[in-house]
Amino acid sequence: MTNSAPRLRILTQNMFLRPPLIKTNKSDWKDERLHYFIDHILDNYDVVCLQEMFEFASSRRSRLFAAAEKLGFKFCVASQRQYPWSLAIDGGLVVLSRHPIVESDSFEYQRGIGPDWMAKKGVLYAKIAMADGDTHVHLFTTHTQASYNKVVITQPDVKRRLSQLFEFHNFLERILPKHRAPGEAVVLTGDFNVDSRSHVLTDPTKVKYEREVEDGVETSDEGKAMMAVLEGRGIDPKVLGPDNLDEFRGKTVYALHDALKERLGYHPVTFGNIVVDKEGGVFPRETVLTTKLESKVMRSFDYVLWYNPDSKEHKASIVAELVNVGVIPNFTPDCEFTQISDHYGVAAEIAFT
């Protein structure tokens, strides 16, 4: 691999731009955060995948599109617009690209439960053509059912979330055979709302708070279930309770790689991070946009998953390699808000040889 290899810079970011009148604390600073994102962050990437970029009753999405086009993002796909008579708001998904999107598709999940019933969450697909015109990246972004209390894997919102992820797997089975050539990279991004951290302290006698690295190595039961469902391997139905019969087993198995976990060796925090002072005091990293109950939960919600099993065997194609991936906090110095969102972003870089 050489530094001159063509590269594709990708960002996935939950923007936390909910419809008007919805706010967490004093203000969500929605317009100000969007402007900061456009002015300071957007231009650093070639492809940007956004969640909670809602269009309903707001002009923010159209303003984003106009600004993005001026920065060279000539191609976009987004969740379908909804109207008041739909009794729903849109799914809030957006993909912006500097490179041509030559195919696109979308899928709406079964409606969520609780507050999530209002949004038509789902998944977006974009087939992105690189400069040579013969090399493509198959990009997906999603936002799934959220949990609003402490998560127990047998509760209904977890099962709904895994059901939606199985719908995502079935969408892969429909899209990839139709549009993907051997050797072309597949990238799954988004806010999966699955916390892969187990939250078990490895040394509770010495450290009373959860450490991001040392205590983030083990994968939670739901994190394991998420990968099994998305890959199509399925799960033991009893994991979700004695009366559950759903295995979520697909016809095709895709060997997905959790890029952050494999590169870092632990599940990094992307929501509800903490700061520890010299005396061992634990404080929330973000308080403007996050509720008090969620301000120190240290969850790993945001992902880049990678699939490209036949790249090296298929000699006729250009080889795509994931050369870099990491959490991007997107802090906002000297602003009334300290982060661009209540979630951190995740950035990845693909090189082609």
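The conversation below goes through the sheets, the cores, the salt bridges and the backbone.

Biologist: What kind of model is this, and what are the ground rules for reading it?

Modeller: This is a predicted model, in which local features need pLDDT of at least 70 and side-chain atom pairs count only at pLDDT 80 or more, while totals for chains, interfaces and linings use all residues. Residues are numbered from 1 along each chain as its sequence is written, and side-chain values use heavy atoms, with hydrogens and water left out.

Biologist: What makes S3 and S13 edge strands?

Modeller: Strands here are DSSP runs of E with at least two residues, helices are runs of H or I with at least four residues, and both are numbered from the N terminus. Two strands pair if DSSP finds at least two bridges between them. Six strands form an open sheet with mixed pairing, in the order S3-S4-S2-S1-S14-S13. Strand S3 (75-78) and strand S13 (320-328) each pair on one side only, and they are the edge strands. Neighbouring strands of this sheet are turned by 15 degrees against each other on average, direction ignored.

Biologist: How do you know that S1 and S2 are paired, and which residue is the bridge partner of Leu11?

Modeller: Six bridges join strand S1 (residues 7-17) to strand S2 (residues 47-53), and the requirement is at least two. The two strands run parallel, and Leu11 has Val48 in S2 as its bridge partner.

Biologist: Which helices lie on these strands, and how are they directed?

Modeller: Helix H1 (residues 30-40) lies across S1 and S2, running at about 175 degrees to S1. Helix H2 (residues 60-70) packs on the sheet, touching S2, S3 and strand S4 (94-97), and its direction makes about 10 degrees with that of S4. Contact means heavy atoms within 4.5 Å, and the angles, from 0 to 180 degrees, are taken between N-to-C directions of axes fitted to C-alpha atoms, for helices over the stretch in contact.

Biologist: What is the strand order of the sheet that contains S5 and S9?

Modeller: Six strands form that open sheet in the order S5-S6-S7-S8-S12-S9, with mixed pairing. Its edge strands are S5 (101-108) and S9 (257-258). Within this sheet, seven bridges join S6 to strand S7 (residues 136-143), which run antiparallel, and Ala126 has Leu139 in S7 as its bridge partner.

Biologist: What makes a group of residues a nonpolar core, and which members touch the most others in the largest one?

Modeller: A nonpolar core is a set of buried Ala, Val, Leu, Ile, Met, Phe, Trp, Tyr and Cys residues joined through side-chain atoms within 4.5 Å. Buried means under 20% relative accessible area, exposed over 50%, and partly exposed in between, with a 1.4 Å probe and protein chains only. The largest core has 32 residues, of which Phe140, Leu162, Phe168, Leu188 and Phe192 touch the most other members. Helix H3 gives the most to this core, with nine residues. A second, separate core of 27 residues includes Leu124, Ala259, Ile350 and Phe352.

Biologist: Why is the contact between Arg61 and Asp90 called a salt bridge?

Modeller: A salt bridge is a side-chain nitrogen of Lys or Arg within 4 Å of a carboxyl oxygen of Asp or Glu, and the side chains of Arg61 and Asp90 meet at 2.7 Å, N to O. Arg61 lies in helix H2 and Asp90 in the loop between S3 and S4, so the pair ties together parts that are 29 residues apart in sequence. Arg61 has a relative accessible area of 2%, and is therefore buried; Asp90, at 1%, also counts as buried.

Biologist: How do you know that Arg211 and Asp215 form a salt bridge, and are they buried or exposed?

Modeller: Their closest N and O atoms are 3.4 Å apart, and the pair forms a salt bridge. Arg211 has a relative accessible area of 19% and is buried, and Asp215 is buried with 3%. The whole structure has 20 salt bridges, and Arg9, Asp43, Asp46 and Arg98 are linked in a network of them.

Biologist: What makes the phi of Phe16 worth a remark?

Modeller: Most residues other than glycine have a negative phi. Phe16 has a positive phi of about 55 degrees although it is not a glycine; Phe16 is found in strand S1 and, at 6% relative accessibility, counts as buried.
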